[in-house]
Structures are given as structure tokens and as C-alpha cells.
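Dear colleague,

I am passing this structure on to you, and I would be glad if you could look through it before reading my notes below.

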Amino acid sequence: MSGLRELTYLDAIAEALVVEMELDPDVLILGTDVGGTFGGAFKVTKRPAEKFGPRRVKNMPMTELAFVGAANGMALMGLRPVIEVQFADFISTAFDSIVQFAATTHYRWGAAVPWVIRAPSDGGIRSGPFHSQNPEAWFVHTPGLKVVAPATPADAKGLLLAAIRDDNPVVYFESKPLYRSLRGPVAEGSEAIPIGKARMANTGDDLTIVTYGSTVHDSLQAAQELAREDIGVEVIDLRSLKPLDTAAILESVAKTGRALVVHAANRMAGVGAEVAALIAEEAFADLDAPVRRLGGLDTPIPFSPPLEDAYRVGPAEIVATAREMLRW
């Protein structure tokens with residue numbers, strides 16, 4: 001592929017915003033402190049704000065319910081708002097506008113609601129229970145919404161381009177720990193990555209790990225360690241949580257016979273439960289061991305670094321669980 005550059009995960013998101021705003025004058029950005037010289041809490045919108053100014057990068061009052069509601073109206077009038085919820089934790093204050101209105105509008109009267117909510121999620125940066133949550137399961141449960149969670153800079157750009165162009169409301173979860181710690185090749189231009197297609201992040205014959213977001217990288221690290229023991233781990237990066245690429249999951253499990261589902265969100269009723277149920281229902285005859293799930297503990301995310309480390313899934317836990325499954 002021509003025109004590849006190394007970008008951080010954060011810069012790839014910012015580039016997608018600039019590219020799409022250049023292509024489509026109906027795209028604008030809304031959120032708390034997204035404009036002016038501040039450019040958002042994580043500086044993701046600084047470049048778009050400098051390039052397009054306050055007419056298209058609009059600071060909103062600190063009330064998510066109001067500005068997501070305003071975005072609903074803008075979308076119905078033909079604009080394509082990209083809404084930054086400063087932390088994914090704050091998205092619950094806009095729940096009514098998202099779940100009751102935007103998600104049901106096309107079903108109720110056939111109208112498109114083409115907005116994107118950018119929701120910086122995930123812990124690992126010592127931000128405690130109000131700035132570290134992974135609430136994606138709330139929205140995967142809601143008919144009428146699409147939900148994506150990129151794990152690489154290339155996917156961060158390509159999936160955001162696809163989300164902005166989609167006529168459905170899309171909740172786009174971006175992993176805060178990856179913002180500046182992860183770099184990777186990103187293509188120039190405006191090519192989108194289709195929503196609903198998983199990515200094969202690693203190939204193997206002995207075990208399938210199904211994951212997304214930051215735990216893709218924990219899973220790849222675990223796969224490298226297991227490879228030294230001649231254990232081949234296939235890592236499926238879902239990328240899209242709704243719609244889900246069921247074919248990619250089932251094809252991999254049919255090959256390996258074992259499935260481990262890993263995510264940073266707490267395990268109880270998480271996306272992993274749906275994936276595990278899919279495998280149990282559709283691929284039972286292919287399994288050589290029970291499906292296993294790893295996720296965060298069913299507690300608020302602690303402030304204490306050692307306690308947060310205990311809360312989160314890491315490569316060591318993935319490796320230990322994989323070894324147990326292979327002994328089955």
C-alpha cells in the first residue's frame with residue numbers, strides 16, 4: 001500500500017476528522033472544550049479546531065444530554081455531527097438521547113441519524129472509577145446503533161471515516177491507553193475500513209483468542225509467549241462490536257477447536273458473553289474445550305495502581321488461561 005506513514009493512534013483519529021471535514025462540509029465537531037486553543041481533553045480535536053475554526057468545531061456546555069440532543073436535530077437536518085464525549089464514563093448522562101431517540105428513529109419513521117459519538121474509554125492510566133470505564137455493552141444491546149472499537153492506528157482512521165459516512169448512529173470507542181503509546185502504519189487518503197469486518201491479528205492452529213481494543217495487544221503479547229512453547233494462537237480483533245463478524249469467529253474456532261474471549265470491560269454481561277454464547281450455540285461440535293472468558297473484575301475501577309493492575313486483564317492471565325485450556 002502506498003503512502004504509509006507511522007502515526008500514533010491519537011494522530012490517526014485526528015487525521016480522519018480533518019480528512020472527512022475537508023471532503024464533506026456537513027461534517028462538524030461538537031463537545032466540551034473541543035475547539036479553540038484547548039482542542040479537547042486529549043488534544044484529539046486540536047488540529048481540526050485550528051484548521052476549521054469555531055464554525056465547525058463547536059464548544060458545548062458541559063451537559064452531554066443537551067449537546068447529543070442537539071446533534072440528533074442537526075443529523076435529522078442533514079448535517080453529520082461528530083460528538084466528543086470527553087470520557088466514555090460521561091456518556092450515561094446522554095443515554096436518553098442515544099438509546100431512546102437516535103437508535104429508534106429509523107425504525108419509527110425511516111429517517112437517518114448520521115452522527116458519531118467518540119467515546120474515550122478504558123483504564124490503565126490511573127484515572128479511577130469515573131474516567132476509566134468500558135461501557136460498550138450498553139450500546140451493543142441497543143438495536144439501531146452501530147458500535148466500533150479500533151485497536152490500531154490504521155483502524156482508528158479507517159473505521160472513523162466509515163462511521164462518519166454511515167447513515168446510522170455509531171458509537172466509536174477509542175482506547176485512551178493507546179493514544180500516544182501506540183504507533184503504526186496508516187495510509188494517506190480517505191479510504192474507509194468497512195464496519196462489521198474483523199481483522200486477523202495473528203494466525204495459529206491451537207487456540208483462538210477473540211478480543212478488541214487495548215486487549216488485542218495484551219493478547220498478541222500472550223501469543224508471542226505461547227509461540228515459544230510451540231503453541232499457535234489465532235488472535236481475532238473484532239474491530240466492530242455491532243455488527244459482529246460472526247463468520248470470522250466461527251471459521252477460526254472450527255480451525256483451532258478452542259476459544260478464549262478477552263476484553264478490558266468487566267466480565268459480567270460483557271461483549272464476551274455474547275461471543276461465548278455464539279460459539280457455544282454455533283460451533284459446539286468443533287470445540288475441544290469449554291469456551292473461556294477473561295474480563296475486568298465486577299467492581300468499580302480502583303484509583304490505586306496495584307489494585308487497578310489486579311482489576312485489569314493482562315498477558316500473564318491470558319497465557320495461564322490458554323495453558324489450562326490446552327490441557328483439557
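What follows is a short account of a sheet, the helices lying across it, and some contacts of aromatic rings.

Please keep in mind that this is a predicted model. Five strands form an open sheet with mixed pairing, and their order is E9-E11-E10-E13-E14. Strand E9 (199–202) and strand E14 (292–296) each have a single partner strand and stand at the edges, so one side of each is left without a neighbour in the sheet. On average, and with direction ignored, neighbouring strands of this sheet are turned by 25 degrees against each other.

Two helices lie across E10, E13 and E14: helix H9 (residues 271–282), which runs at about 160 degrees to E13, and helix H11 (residues 315–326), which runs at about 165 degrees to E14.

Turning to the rings, the count comes to eight aromatic pairs. In one of them, Phe-95 and Phe-139 have ring centres 5.7 Å apart and planes at 50 degrees, so the pair is tilted. Because Phe-95 lies in helix H4 (residues 95–109) and Phe-139 in helix H5 (residues 136–140), this pair ties together parts that are 44 residues apart in sequence. Phe-95 counts as partly exposed, at 33% relative accessibility, whereas Phe-139 counts as buried, at 0%. Elsewhere, ring pairs link Tyr-9, Phe-42, Phe-87, Phe-90 and Tyr-179 into a cluster.

Finally, the charged end of Lys-43 sits over the ring of Phe-38, 3.8 Å from its centre.

Definitions and conventions:
Residues are numbered from 1 along each chain as its sequence is written. This is a predicted model: local features need pLDDT of at least 70, side-chain atom pairs count only at pLDDT 80 or more; totals for chains, interfaces and linings use all residues. Side-chain values use heavy atoms; hydrogens and water are left out. Two strands pair if DSSP finds at least two bridges between them. Helices (H or I, at least four residues) and strands (E, at least two) are DSSP runs, numbered from the N terminus. Axes are lines fitted to C-alpha atoms, for helices over the stretch in contact, and angles run from 0 to 180 degrees between N-to-C directions. Contact means heavy atoms within 4.5 Å. Rings of Phe, Tyr and Trp (its six-membered ring) pair if their centres lie within 6.5 Å; planes under 30 degrees apart count as stacked, over 60 as edge-to-face and the rest as tilted. Buried means under 20% relative accessible area, exposed over 50%, partly exposed in between (1.4 Å probe, protein chains only). A charge sits over a ring if NZ of Lys or CZ of Arg is within 6 Å of the ring centre and within 35 degrees of the ring normal.
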